Amino acid sequence: MNTADTTQTLLPSPFVAKDKVGPFRMKRLLVVLIYITLAVAPGELGPLTRGLMVDAYVQVASFVAATLLLFYGAERLFKFDIGEALRDAKGYQVPLASLLGATPGCGGAVVVVAAYSSGNVGFGAVVAALTATMGDAAFLLIATRPDAAMVVLPLSLAVGVLTGWIIDALKIGGYADVSSGQCELAPLIGRTRAKDYLYMAIAIPGLVIGISQLAQVDLEAVYGDFMLWVGLAGILIGLLVWSTSNLQAMTNGKDSPITRMAEETSFITVWVIGAYLAFDYTVAYAGLDLKAMFNSVGVLLPMVGIIIGFIPGCGPQVLVSTFYINGLIPFSALMGNAISNDGDALFPAIALNPRVAMMATLYSAFPAILLAYLFHFFAPGFMN
């Protein structure tokens with residue numbers, strides 16, 4: 001088979017079509033323009049927005065960058081192909097898939113979805129990965145409530161394994177036409193760009209400041225305006241990377257770890273900024289008592305978190321975590337959302353195998369409801 005034929009056997013990218021790059025970028029530039037306008041607005045709005053952007057960077061983005069660089073760097077250093085490992089794992093497929101899903105971010109779950117479409121893993125592995133994943137919201141929880149993350153992530157991992165094993169034991173599956181070809185999830189960038197190195201250079205002091213904050217250091221006394229400039233520089237460079245990218249969320253595994261870190265962290269940060277702004281603007285300007293509003297829902301609140309988890313993408317899930325961090329929803333709602341949500345992994349799942357995506361999400365609802373209401377009724381004050 002010649003090169004042209006091989007290219008035709010690849011599945012199309014579920015992220016962005018070439019003929020849509022123009023409108024795709026224009027939408028992103030519009031978002032960037034809105035963010036910058038809010039940041040330079042007069043009165044109280046500008047300083048509030050800039051402060052929230054700095055918080056988003058030092059509290060979340062810098063930790064995301066460090067985690068992704070460590071993960072992708074190790075993968076490149078040890079020349080480890082996760083897809084092949086899953087194919088050869090046989091009886092360990094489900095635990096490995098769940099472990100990949102529980103890894104912060106959406107990359108691990110996307111790998112499992114792609115491996116299923118390539119005929120390398122079973123349906124139980126897909127359900128395990130999508131059940132275990134918390135997506136990009138895991139980064140936010142780790143950075144701001146590590147105590148809760150130490151409960152949510154291992155529990156999600158265990159629930160993913162059990163759910164995957166049950167699916168395989170019941171021989172549930174066969175929802176897709178499995179292809180033996182490769183699965184190209186994202187276009188190749190092919191080089192480490194200057195903006196990638198610049199993003200990494202800013203992320204280093206950002207991480208130092210973020211760690212200092214976790215250690216309860218007086219940031220104003222130690223860093224002063226330096227923290228403001230690092231945070232804003234990191235946000236601006238991230239917006240540049242994101243707005244000029246042709247990728248939706250995930251990167252090609254053949255790109256350099258630095259490029260992959262810059263691209264994926266920038267994507268995540270845009271959602272985190274949106275969640276931060278949505279929450280604080282609502283509190284500061286709308287005058288809504290969100291806690292009272294959520295409390296009025298009562299016993300349905302965990303179900304609300306679960307239903308939001310069905311929405312594709314990480315933005316709604318980051319917002320749910322933000323509500324939990326600010327004491328607006330209980331741990332039971334967060335736990336239900338963590339189990340039911342598939343993050344950005346649902347996008348390639350829908351593009352590659354729509355029926356698999358639908359059924360895997362449906363099956364993850366059962367453990368989500370069970371676990372959420374166990375916490376709601378038997379441990380209502382846990383981790384609140």
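In what kind of crossing does α3 pass α8, left-handed or right-handed? Right-handed: that is how α3 crosses α8. The crossing counts as right-handed if the near helix is turned clockwise from the far one by less than a right angle, and left-handed if anticlockwise.

A word on the model. It is predicted: local features need pLDDT of at least 70, side-chain atom pairs count only at pLDDT 80 or more, and totals for chains, interfaces and linings use all residues. Residues are numbered from 1 along each chain as its sequence is written, and side-chain values use heavy atoms, with hydrogens and water left out.

Back to the first pair. Helix α3 spans residues 45-77, and helix α8 spans residues 137-144. Helices here are DSSP runs (H or I, at least four residues), numbered from the N terminus. Their axes lie 9 Å apart, at an angle of about 110°. So α3 and α8 are roughly perpendicular (65 to 115 degrees). From α3, the contact takes Q59, V60, F63, V64, T67 and L68. From α8, it takes F139, L140, A143 and T144. Contact means heavy atoms within 4.5 Å. By class, that contact has seven nonpolar, three polar and no charged residues.

Now the second pair. Helix α13 is residues 257-286; helix α16 is residues 315-325. They pack at about 45°, axes 9 Å apart. That makes α13 and α16 oblique, therefore. This crossing is right-handed. W271, V272, A275, A278 and F279 of α13 meet G315, V318, L319, T322 and F323 of α16. The tally for α13 with α16: eight nonpolar, two polar, no charged.

How values were computed
Axes are lines fitted to C-alpha atoms, for helices over the stretch in contact, and angles run from 0 to 180 degrees between N-to-C directions. Helices (H or I, at least four residues) and strands (E, at least two) are DSSP runs, numbered from the N terminus. Angles under 35 degrees count as roughly parallel, over 145 as roughly antiparallel, 65 to 115 as roughly perpendicular and the rest as oblique. Ala, Val, Leu, Ile, Met, Phe, Trp, Tyr, Cys and Pro count as nonpolar, Asp, Glu, Lys and Arg as charged, and the others, Gly among them, as polar.
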